[in-house]
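The following report describes selected local features of one model. The sequence and coordinates are shown first.

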Amino acid sequence: MQNEMKDFLKENGLDPAGIDREGLLDTFLREMDAGLRGAPSSLQMIPSFIDPDAPVKTETPVVVLDAGGTNLRTAVVSIGKDGKAEVGSFLRGLMPGSKGEIGESEFYDTFARFLEPVVTSADSIGFCFSYPAEILPDCDARLIKWTKQIEVPSVVGTLIGTGLKRHLAKLGHDRRVVILNDTVATLLAGKSVGVSRPYSAYVGFILGTGTNTAYAEKTENIVKRSGLKPGATMAINVESGAFRGQPQSRFDAMMDATTIDPGCYTFEKMISGAYLGRIGYAILCEAAGAGLLSAGAGDAIRSWTTVANKQLDDFCGGAPEEDNPFLNAAFTRQDAECVVQLCTPVYARAAILTAVNIASAVCKTGEGRDPARPVCVNVDGSTYHRTRTAQFRSLVQTELQKLLEPRGLHYDLIRVDESPVIGAAVAGLM
Ligand code: BGC
């Protein structure tokens with residue numbers, strides 16, 4: 001039975017064991033170079049205009065707005081002289097546009113109203129914006145496109161900081177707004193806690209609802225931008241979710257066709273939390289059609305519209321809660337076994353691709369040769385930290401080691417709680 005499932009997946013292009021990790025890493029590095037030169041590339045390599053080495057004001061409050069894939073959060077943060085962040089006044093809401101299409105005015109009004117209870121606590125707002133946006137030298141940001149299925153089409157191409165300030169002004173507030181990507185914030189958070197350790201370079205990696213990487217690059221290597229201060233470093237937002245080097249399986253293509261942006265961010269759609277359950281659902285529908293599941297299980301699956309990532313992962317990872325759909329009586333013991341065998345490779349593939357992605361950023365820093373000064377990789381995101389199936393985290397780590405050890409590169413994977421919030425505060429205080 002096991003081989004039958006494997007063959008079925010392989011015939012349709014899903015074969016984790018067959019992934020050419022080295023070839024993919026080379027492609028990643030080539031695309032990163034092209035992106036920095038301004039040549040055609042799937043990787044945008046967006047300069048952040050943030051120098052991770054810039055001094056940070058201490059003992060000064062800053063308001064943080066964190067617009068993530070699902071949640072909207074605000075907090076007031078100050079950084080002590082010892083580098084420790086004090087985070088208070090946490091509020092949580094829903095990311096506007098995550099539950100169906102809305103317009104520009106509603107979008108900014110939600111932000112401005114959400115900030116009202118804390119906005120008078122500080123002069124600056126560090127705004128962690130987890131979407132692809134071109135950053136301007138004054139740290140405003142022009143939205144390039146939405147990812148994570150957010151629907152506010154009218155703000156694409158406009159300046160997000162300017163829009164927020166306009167709506168805050170209507171409420172009588174005038175604030176400085178510094179916008180940064182969440183991976184850049186994660187990089188800064190890693191630096192702020194790791195500063196006492198002798199790291200040679202910094203990477204921020206996120207695998208949550210979406211995925212992406214940031215690393216610190218020498219300004220002279222950012223060939224596409226003239227006028228940058230020579231001899232300095234700048235955090236680069238890779239937008240690695242848009243990488244095009246890994247071909248889609250038939251299941252990816254089927255799932256992708258049901259999204260609001262087919263053909264875009266195909267790498268993110270293979271590895272991040274917003275999509276893993278949906279790929280599993282596509283596989284199970286096809287498997288039912290191919291007669292690999294019982295008629296009852298097939299009927300049950302066809303009566304659903306999708307499978308949530310958490311439920312698929314809980315089930316395949318051996319820890320389903322009582323309401324898990326795969327515990328439905330329609331699934332025989334054999335069906336349950338088939339579900340695990342068909343869907344575990346979705347997570348194994350995601351772990352392998354995640355390792356290649358992290359490795360590309362570590363290599364690109366050009367550092368890490370000295371074991372006493374490894375590259376610091378701060379990893380954030382629920383999909384990375386919570387996925388159980390395929391022993392996700394340890395598989396990522398084993399794969400990463402296989403890629404980086406032979407290259408003589410040393411790195412340290414760290415985790416800093418509330419990285420996007422802390423990093424946005426650091427940026428707001430620079
Ligand atoms: C966005 C990135 C973001 C990542 C992680 C992706 O969908 O394009 O800008 O960093 O998600 O949140």
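Residues up to four places away in sequence being left out, N309 touches G273, L276, G277 and Y347, where contact means heavy atoms within 4.5 Å. This is a predicted model, in which local features need pLDDT of at least 70 and side-chain atom pairs count only at pLDDT 80 or more, while totals for chains, interfaces and linings use all residues. Residues are numbered from 1 along each chain as its sequence is written, and side-chain values use heavy atoms, with hydrogens and water left out.

N309 is located in helix α10, which covers residues 309-316; helices (H or I, at least four residues) and strands (E, at least two) are DSSP runs, numbered from the N terminus. With a relative accessible area of 15%, N309 is buried. The term buried stands for under 20% relative accessible area, exposed for over 50%, and partly exposed for values in between (1.4 Å probe, protein chains only). The C-alpha atom of N309 is separated by 19 Å from that of Q248, and the two residues are 61 residues apart along the chain.

Why is α10 largely enclosed by the rest of the structure? Six of its eight residues are buried. These are N309, L312, D313, D314, F315 and C316. G318, with a positive phi near 85°, follows α10.

T383 lies in helix α12 and counts as buried at 4% relative accessibility. Apart from neighbours within four places in sequence, T383 is in contact with L207, G208, T209, I271, S272, G273, L276 and F392. In the loop between α12 and α13 (392-404) lies A390, which is partly exposed with a relative accessible area of 24%. The phi of A390 is near 60°, a positive value in a residue other than glycine.

K269 belongs to helix α7 (residues 268-271) and is buried, its relative accessible area being 2%. The side chains of K269 and T259 are joined by a polar contact of 3.2 Å. Such a contact is a pair of N or O atoms within 3.5 Å; within protein, one must be able to donate a hydrogen and the other to accept it, and residues adjacent in sequence count only if both atoms are side-chain atoms. Not counting residues up to four places away in sequence, K269 touches Q149, M255, D256, T259, D261, P262, G263, C264, Y275 and I279.

Helix α14 (residues 419-428) is mostly covered, with ten of its ten residues buried. Among them are S419, P420, V421 and I422.

## Surroundings of the ligand

Which residues come nearest to the ligand? Of the 15 residues around it, these are T147, N181, D182, E239 and E268; a residue is near a molecule if one of its heavy atoms lies within 4 Å of it.

| Residue | Distance to an oxygen atom of the ligand |
|---|---|
| T147 | 2.7 Å |
| N181 | 2.8 Å |
| D182 | 2.5 Å |

On its own, the ligand has 310 Å² of accessible area, of which the protein covers 98%. Accessible areas come from the Shrake-Rupley method with a 1.4 Å probe, and for residues only the protein chains shown count as cover.

## Aromatic pairs and a charge over a ring

The structure holds 18 aromatic pairs. In the pair Y384 and F392, the ring centres are 6.5 Å apart and the planes lie at 75°, so the arrangement is edge-to-face. Rings of Phe, Tyr and Trp (its six-membered ring) pair if their centres lie within 6.5 Å; planes under 30 degrees apart count as stacked, over 60 as edge-to-face and the rest as tilted. Both partners are buried: Y384 has a relative accessible area of 2%, and F392 has one of 0%.

One aromatic cluster is formed by F107, Y108, F111, F127, F129, Y131 and W146. Over the ring of Y131 sits the charged end of K148, 4.5 Å from the ring centre. This assignment requires NZ of Lys or CZ of Arg to be within 6 Å of the ring centre and within 35 degrees of the ring normal. K148 is placed in the loop between β7 (141-143) and α4 (160-170). At 13% relative accessibility, K148 counts as buried, and its phi is near 55°, a positive value in a residue other than glycine.
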